[in-house]
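The following exercises concern a model of two protein chains. Please inspect the sequence and the structure before reading the solutions.

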Amino acid sequence: MNLHEYQAKELFARHGLPVLPGQVATTPEEARNIATSLGDTVVLKAQVLVGGRGKAGGVKLARGAEEAYHAARAILGLKIQDLPVRKVLVARAAEIARELYLSIVLDRAAQLPLVMLSAEGGVEIEEVARVSPEKIVRRHVSLDGLRPYQARSLFRPLLADGSQVSQAADILLRLWAVFRDGDCTLAEINPLAVTPEGKLVALDAKVTLDDNAEFRHRDWNLWRDPEDETPGARLARERGLSYVKLDGDIGCVVNGAGLAMATMDLVKHYGGEPANFLDIGGSSSPDKVTAALKIITSDSRVRVILFNIFGGITRCDDVARGIVQSLEQSPLAVPLVIRLTGTNEDLARKILAERGLSATTSMDEGVRAAIAKAQEVFA
Amino acid sequence: MSILIDKGTRLLVQGITGRDGGFHTRQMLDYGTKVVAGVTPGRGGEKIHGVPVFDSVAEAMAATRANTSMIVVPAPFAADAIFEAADAGVGLIVCITEGIPVRDALAVVHDIAALRKSPDSGRPARGRPRLIGPNCPGLISPGLSKVGILPGQICKPGSVGVVSRSGTLTYEVVHQLSQSGLGQSTCLGVGGDPVIGTTFVDTLALFEDDSETDAIVLIGEIGGTDEEEAAQFIKRRVRKPVVAFIAGQTAPPGKRMGHAGAIVAGGTGQASEKIAAFRAVGVPVARVPSEIPGLVGELLERRRGRRASARPKSRHAGRSLAASRPARAAGPKRTTAKRGTAARRGGRRTATRRSSR
């Protein structure tokens, strides 16, 4: 799960990281009130979970409450990369003398956390990483974490001032605590600003949480905004299905993530476009199949639905029952192509045949049939 | 020979009293796996499908001389179960459980790596444990033993080693191989998580050193760089033919595709890079799963032809294709497999590198 900036800053503040005071607003009026209480110049930042907010006009400075009201109105009307902006963070603005970059990320290849820092932080950090990777310092961290002297030595080449080195080291150690105790796979501060007075402050915050660790963080649920999810995605999460919407017209229901990806690829290979990734999981009950059909049919672009089931732990008859059960509840408006192989395949075929449905055994055949059906619908 | 598990495998199941634990214990017993013990704290003294249940792994080990453990406990307890198995001296630990936090997986993987380096470092364990998974389907040596949840009926004894990050996609490929007459030495799922105990590279080394594996199928997917590392390793060290397949070519960046590890992040982990990495070292990459059997058959044919003409006295010479290979139980190696050696040997590379060209 990715956190919004305002949520990540809450998490940072809890760990004693220096962030500037601010609050999130959903209306221009709220933004005006927050700006009034903050006094000074404020910065308003669109809270959407995509990059490039500044370039899209989602970040504005405002002097005073009235300016904040108008800035919030402009930002709350925006769509950034197709996402409507529903929240805006209103925070005290800071003067910036320098912008650094600091992050901790899981390095999968090394199986260790990796600290990355750079003297050239700010919006162009990806460009810096591409053009002059030597300007980004990388240092793996043992699972026991960093010692203060190690943190200081990382920053000493970047910061001339001793007090700033101490502040930065303290920030890194606290960011480590956020990363480890918070079960993050990414904790990033960009920019880590140095003010003209020589104070370091986290002006932005980006955090990715490890979804698998949710069982030991009850508060994470409060961060999940139902409106950030499409109805399909929400239903999928609630029923324990993995679902990713794509742009095509061939809906796919598959058991297992690898097979689901391979099915999408095969659709593309034979000239079709997959509408989604959907993994109904290992031990799938008829109910999961019903939920899967509901999710897929909520996408109006879908012209055909393809089941690709390799029965192992998943029993083909369970899937067949789920299909029959959903058809009884609500008939499908689009054709259905079914591929079944493996555990209890014969029983599944019998269940389907009673409803006048048939199933192929080959994945290639199933995919090709689905593409043909989609084209028929199109014609 | 297979890798890691064979007739000498003596399995204990951690989480045997759970729904999945009981179900798969039954399946494994039916396949012929020697399931000698189960462990569930607080349930010692019970029996599941005739298998005695113990309160701790140490007790189970003392009573049954198990050498392999399969873990099917819920995710919050899985890391502890792995630690317990490693500390009790289990040689091969196969963690099926999905949903283990990365922080826990890191702790476990580093602990096991430390034990492998210095097994006698004051710890109770004396073995060199190997961890497979987490979030994996386990492994099967067709006709010999199955540790995990792979459906046994789709496999066929033979000489193709299969290694994969996936579950059902592996079954799909294995099924197609079997249908084409290409049996398998061992099929192993390394797991779909970003942090796993045994990687493609580890498994490739084992297959390369296994005298009864003649070709290797590697099934990768988007996310991470394990496939790129595997390609480099193949170039350096693998003489046996390898065929690869990469799932997720149509996956959008930044989205997790089911597996915790299947995500293209920050520009790395793309299918196209992985495919290019394999092709650059001469490993053919199947465009679709159904191409895999054909590619494997071709490479085996070429390899056998070459070997037969170059080394007519070789013990492999003239051996027929995997398709018509006699049942492996009849082979001399089967019966001489020492009890538990495969699992105990763990990751130590066998010293006998055969010149296999």
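**Exercise 1.** Which residue in β15(A) does V244(A) stand opposite?

*Solution.* The model is a predicted one, in which local features need pLDDT of at least 70 and side-chain atom pairs count only at pLDDT 80 or more, while totals for chains, interfaces and linings use all residues. Residues are numbered from 1 along each chain as its sequence is written, with chains lettered from A and ligands numbered from 1 in the order in which they are written.

Step 1. Strand β13 (residues 242-245) of chain A pairs with β15(A) in the antiparallel sense, over 4 bridges. Strands are DSSP runs of E with at least two residues, helices are runs of H or I with at least four, and both are numbered from the N terminus; two strands pair if DSSP finds at least two bridges between them.

Step 2. Within β15(A), the residue opposite V244(A) is F277(A).

**Exercise 2.** Determine whether the two faces of strand β15 (residues 276-279) of chain A are covered.

*Solution.* Step 1. In a regular strand, side chains alternate between the two faces of the sheet.

Step 2. N276(A) and L278(A) lie on one side, F277(A) and D279(A) on the other, and all are buried. A residue is buried if 20 or more other C-beta atoms, placed from the backbone, lie within 10 Å of its own, exposed if 12 or fewer, and partly exposed in between. Both faces are therefore covered.

**Exercise 3.** Identify the residues with the most contacts inside the largest nonpolar core.

*Solution.* Step 1. A nonpolar core is a set of buried Ala, Val, Leu, Ile, Met, Phe, Trp, Tyr and Cys residues joined through C-beta atoms within 7 Å.

Step 2. The largest such core has 157 residues, and L278(A), I71(B) and I82(B) have the most contacts inside it. Its largest share, 8 residues, comes from helix α9 (residues 257-269) of chain A.

Step 3. Not counting residues up to four places away in sequence, I82(B) touches I71(B), I93(B), C95(B), V108(B) and L131(B); contact requires C-beta atoms, placed from the backbone, within 7 Å.

**Exercise 4.** Describe the side of chain B that touches chain A.

*Solution.* Step 1. In chain B, 44 residues are in contact with 39 residues of chain A.

Step 2. Helices α3 (75-87), α4 (102-117) and α5 (168-179) of chain B each supply at least two residues of this side, and α4(B) gives the most, with 6 residues.

Note on methods:
Contact = placed C-beta atoms within 7 Å.
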